[in-house]
Amino acid sequence: MGIYRLSNGFVTAEQASLETDRPRITCDARARRLQKIAALLVCVAPLSISGATKNHFASLLPGYSAVPVRYGPMNKMIMSVRINERPANLLVDTGASQIILDNDVAELAGVRPFQRAMNQVRFSVPSQVFTMGSEINGQLLPVGVAHDISAGSMNFGSNPVALRDSIHFGARGTHVDGVLGLDILLRYKALINCRTRLVFFKVDQDRRINLGSVAVSEKFTCIPIRREKNGALTVPCSIGGNQTRLLVDTGAFVTMLHQGFIRSLGLGAEPTRISAQFASGGSTRISAAKLNDVHIGDFKVPREKFGVAPLPHFALGQGGTRISGILGMDTLYICRAIIDLDGMNLFLK
């Protein structure tokens, strides 16, 4: 969970296996019950699995369709999609309100901005400050419609998309074409497993799964997610006994705490070589603080370094709730996070 990137630029993937050589069950009712439990376990087991295995487990989770993701440099969770039959790579981002596309990708896919006077909508996407350095936070973005968006076996149909200036990076493999935001993730009550590299989308709204009981039996801690007035997802947090809230943001490459909040606790931070670019266009060097007493809900986070920076006002104010930081992908991955947007719970282990 340290504020760093490995030499290969990727989040470390641990290997694990799921026990499969169990006695055959002859009782149909019991078999169905165990099959359901096995289906839920694939959501909580920290696996690094092959595509064939993914398809097998996906078929065992009734009412859901699984779409694989991969990790890119700077801890980006990337999903391969098709937009009007054109391939694209989108960042899975719970800190974004909706789908955002680069202009050049949108143009190739035939997505054009509305040609009306009121063709712009304001979006605040905190994660972009830290993942791609874009300047879309608090700005007005043109909006168009993508008539067909799909990923794996999922078809999301027609969706409005915000259009931004195209952003390119020099390092190989670091470019993404846009963002898959909460409009899709919430609509399909996504189940995001940060370790198995699978996102489950609910296709049968009448299906109910009791993920909580299975996750708790696997030693996960359940933390309630609250959706703020502006749509942002936050969770309770305490640092040194001081209560606050964090934005749940799979688009942020590290967990970032507000510098003012850390100073108010009398805690220090050491400089790093990492910088964050904010909406104003300026770049701010990130510090690091090694904190021992950090709880997310009832879950005690292992002692590690967290990013510290002066977060902009638009990031700190989330629909009337003031947050003190952003819960990013490094912490979510290492703590085996499962984000359940059906039950609105975060599970950590």
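This short talk covers the nonpolar cores and the aromatic pairs of one structure.

The model is predicted, so to speak of local features we need pLDDT of at least 70, and side-chain atom pairs count only at pLDDT 80 or more, while totals for chains, interfaces and linings use all residues. Residues are numbered from 1 along each chain as its sequence is written, and side-chain values use heavy atoms, without hydrogens and water.

I start with the cores. A nonpolar core is a set of buried Ala, Val, Leu, Ile, Met, Phe, Trp, Tyr and Cys residues joined through side-chain atoms within 4.5 Å; buried means under 20% relative accessible area, with a 1.4 Å probe and protein chains only. The largest one has 64 residues, and Met79, Phe201 and Leu346 have the most contacts inside it. A second, separate core of eleven residues includes Leu61 and Phe220.

Next, the rings. Rings of Phe, Tyr and Trp (its six-membered ring) pair if their centres lie within 6.5 Å; planes under 30 degrees apart count as stacked, over 60 as edge-to-face, and the rest as tilted. The structure holds four such pairs. What is the geometry of Tyr71 and Tyr333? Their ring centres are 5.4 Å apart and the planes stand at 85°, so this pair is edge-to-face. Both Tyr71 and Tyr333 are buried.

Phe156 and Tyr188 also pair edge-to-face, at 5.4 Å centre to centre and 65° between planes. Phe156 is buried at 3% relative accessible area, and Tyr188 is buried at 17%. Together with Phe201, Phe156 and Tyr188 form one aromatic cluster.

Terms used
Buried < 20%, exposed > 50% of the residue type's maximum accessible area, 1.4 Å probe, protein only.
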